[in-house]
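Work through the exercises below with the model open. Try each task before reading its solution.

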Amino acid sequence: MTPHYTAVATANGREGRAVSSDGHLDIALATPQELGGSGNASNPEQLFAAGYAACFASALSAVGRHSGHDTSQVSVTAEVGIGGDAKTGFTLSVVLRIELPDDLHGPEGEKLVEHAHQVCPYSHATRGNIPVEMVIE
């Protein structure tokens, strides 16, 4: 695959910073309190959730446009959970909460969401690796 775009970012751990090569992203990182940290800054799971939500919403917009549906009012919330431990390994799980306009509820909306799940690069990356639940709201 030849990429259309490559994002580059550097981080120095959960208690530090993450910075993109172009400087647009420069964010403090901290381990969540639930994992024994201070929780005083963003964490990798939040960054993954934001990226997945944005990417899935974009994929849903693209498949909506392609099929003639107005998806301008779509909203996607990603919930990224982390579990496990250093001995057995850490794992992630994702719940995507997709808010569709009233006229897209039902089979047509479900079809669009499933199509978006097939074309979204984050969905491709997670498929078969971590559980991803989609909830249409």
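A polar contact is a pair of N or O atoms within 3.5 Å; within protein, one must be able to donate a hydrogen and the other to accept it, and residues adjacent in sequence count only if both atoms are side-chain atoms. This is a predicted model: local features need pLDDT of at least 70, side-chain atom pairs count only at pLDDT 80 or more, and totals for chains, interfaces and linings use all residues. Residues are numbered from 1 along each chain as its sequence is written, and side-chain values use heavy atoms, with hydrogens and water left out.

**Exercise 1.** Find what the side chain of Thr126 meets.

*Solution.* 
- Locate Thr126: it sits in helix 3. Helices (H or I, at least four residues) and strands (E, at least two) are DSSP runs, numbered from the N terminus.
- A polar atom of the Thr126 side chain lies 3.3 Å from the backbone oxygen of Ser123.
- Thr126 has 5% relative accessibility, so it counts as buried. Buried means under 20% relative accessible area, exposed over 50%, partly exposed in between (1.4 Å probe, protein chains only).
- Beyond its neighbours within four places in sequence, Thr126 contacts (heavy atoms within 4.5 Å) Phe48, Tyr52 and Val132.

**Exercise 2.** Check the span of helix 2, then find where its buried residues lie.

*Solution.* 
- Helix 2 covers residues 107-119, 13 residues in number. The expected span is 1.5 Å times one less than the number of residues.
- The buried residues are Gly109, Leu112, Val113, Ala116 and His117.
- Down the axis of helix 2, they fall within an arc of 140°, so they line one face. The arc is taken over directions from the helix axis to the C-beta atoms.
- These buried residues pack against helix 1 (44-66), strand 5 (89-99), helix 3 (121-126) and strand 6 (132-136).
- Exposed Pro107 and Lys111 sit on the face of helix 2 turned away from the buried side.
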